2 protein chains.
Amino acid sequence: MSYTYQYPRGALTVDCVVFGFDGGGLKVLLIKRGIAPFKGEWALPGGFVKVEESLDEAARRELQEETGLERVFLEQLYTFGEPGRDPRERVVSVAYFALVRPEVYQMRAATDADDAQWFDLDELPRLAFDHPEIVEMAHQRLRGKLRYEPIGFELLAEKFSLSQLQYLYEAVLGVPLDKRNFRKKVQSYDLLIPLEEKHRDGPHRPAQLFKFDPDKYQELKGKGFLFEI
Amino acid sequence: MSYTYQYPRGALTVDCVVFGFDGGGLKVLLIKRGIAPFKGEWALPGGFVKVEESLDEAARRELQEETGLERVFLEQLYTFGEPGRDPRERVVSVAYFALVRPEVYQMRAATDADDAQWFDLDELPRLAFDHPEIVEMAHQRLRGKLRYEPIGFELLAEKFSLSQLQYLYEAVLGVPLDKRNFRKKVQSYDLLIPLEEKHRDGPHRPAQLFKFDPDKYQELKGKGFLFEI
C-alpha cells in the first residue's frame, strides 16, 4: 500500500534575510541572481530545499553557497506561499533571518549568485519576487525582538561603549533614542559588566567599555523578562 | 524556455492548533484520523495544500472541512520540515494557531476526520506525527503573546469579571497569579470599561462586569505597548 500523495505539488525554497550592523546603519545581504527568472537582479540568498535535508540545513547551505557566510544563527521567520509569487510555478518559501557583524565574515558569491553585497536597508535596490515583503517582515520581527530580548549584546564586539550599544538600537528601531534615558534603562537591567579599559575614539574623552553578562541574561530570560527600551 | 524545477519534491501540508478557553482550563481541538497513516489516532486538524490556494486559505479550508469551525482567526506559527516527520514521504507542514471560545462554534467532523473533540491541554491523548511538538510550540507562542498583547480580552465574552479574566491568564500561562497584583496591573492599562451590570455567580457577592476598550487598545498597540502581567 502506498501512501504517496498523488496531486500536483509545488516546489519549496528557503530565503535568508541577513541583517548586518557595523556601527553605522542596518544593512541587508543581497545576491545578484545568476539564473532566470530575474537574472541579473538583486534578491535574497536562498534556493530550493533538497528532499533529504531539513529546512534549517537548506537555509544554512544556500546562504553558504551563495554568499560564503557560515555559522550564522538563522531563525525561522515566516513561510510565504501566495500562488503567483514566483513566475515559474507554485513555489512556497520558508524565510529565515539573522543579525550579524559583517566584518567577521568573508563574502564570496557562487553557485546561482553572480555577486553578493551588503546594502543599506534604507537604500535597497529593486528586489526580485516578493522579497521586499520578506525584508519588511524580517525588519519588523527584529524590532519586535529587540523589545523583549537584549539581542543587541550578542551583536556587538566583545567590548563596547554605551554609545555603540545605542547606535545599534537606533539602527534597528529606526528612531533616535534619548541618551540619558537609554543609559538609565540599559544599566538598570544589570546585564553590563564594566571593564577597566576605556575606548578612545577621536577628540572625545575616553568612553567606558563594557561587556555583556550572559549568565545574568539567561537568568532574566528564564523569568520571562522584557527588555523594554 | 521552461523554468520548472526538475528535482524530486516533497508534499506540503497545513496543521492547525486551535486552543479553546471556556472559563476552565485551556483546551485543544483534535480530530480522529479517518485515513492512514495513524488511522484511528488523534491529530491536529490539517491536510494537503492545493496547488492553487494560499497557505492561509488551505488552513481555513482544512479546519472547516475536518471540524466545522469557520471564521477562526488563524495565525501562522512555524513550518515543520524535518525529513522523516511523516512516514509516507517528505512532508513539510506550515502550522497555524488560534485561540477561540469553544461555545460559539458548532463542531462537525468530516472528510478525512472521523471525529473532532476538545481535549484538556494537560491531558492530551497520544498524537500522530510530530504533533506533540507543534502543540508545544503553539502553547509557548501563546504564552509569549500574552506578555505583550492583551489578547485575552478578545477571547472572553463581551462582558466579563476580573476573575474570569484572571482565569484566562492563569490557563494560558499555566501558573497561579496573585489576585491583588493582577487586578492592579490590568486596571493600570486603562483598557477596561466598567459596566453598570453585575455578575452573580453562586454565593459570592456580585462581581463588577467590564468590557474591553478596543480603541484604547489600538492606540496603545501603535505605541509598541507591552502588556506585562
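Chain A splits into domain 1 (11-146) and domain 2 (149-222). These bounds come from an automatic or database domain assignment. The model is predicted: local features need pLDDT of at least 70, side-chain atom pairs count only at pLDDT 80 or more, and totals for chains, interfaces and linings use all residues. Residues are numbered from 1 along each chain as its sequence is written, chains are lettered from A and ligands numbered from 1 in the order in which they are written, and side-chain values use heavy atoms, leaving out hydrogens and water.

**The chain as a whole**

Chain A holds six helices and nine strands. Both are DSSP runs numbered from the N terminus: helices are H or I with at least four residues, strands are E with at least two. Of its 229 residues, 51% count as buried. Buried means under 20% relative accessible area, exposed means over 50%, and partly exposed lies in between (1.4 Å probe, protein chains only). Chain A exposes about 11500 Å², and carbon and sulfur atoms supply 47% of that area. Accessible areas come from the Shrake-Rupley method with a 1.4 Å probe; for residues, only the protein chains shown count as cover. Now take the contacts in chain A with a separation of 6 or more: residues 24 or more positions apart account for 66% of them. A contact means heavy atoms within 4.5 Å.

The centres of domain 1 and domain 2 of chain A, taken over C-alpha atoms, are 28 Å apart. Each domain brings 13 residues to the contact.

| Domain 1 of chain A with domain 2 of chain A | Value |
|---|---|
| Area buried between them | about 1200 Å² |
| Carbon and sulfur share of the area buried between them | 71% |
| Salt bridges across the interface | zero |
| Residue pairs in polar contact (both at pLDDT 80 or more) | one |

Buried area is the accessible area (1.4 Å probe) that two parts lose on being put together, summed over both. A salt bridge puts a side-chain nitrogen of Lys or Arg within 4 Å of a carboxyl oxygen of Asp or Glu. A polar contact is a pair of N or O atoms within 3.5 Å; within protein, one must be able to donate a hydrogen and the other to accept it, and residues adjacent in sequence count only if both atoms are side-chain atoms.

In domain 1 of chain A, Phe21(A), Lys145(A) and Leu146(A) lose the most area to domain 2, together 52% of what that side buries.

**One buried residue**

Phe160(A) sits in the loop between helix 3 (152-155) and helix 4 (162-173) of chain A. Phe160(A) counts as buried because its relative accessible area is 0%.
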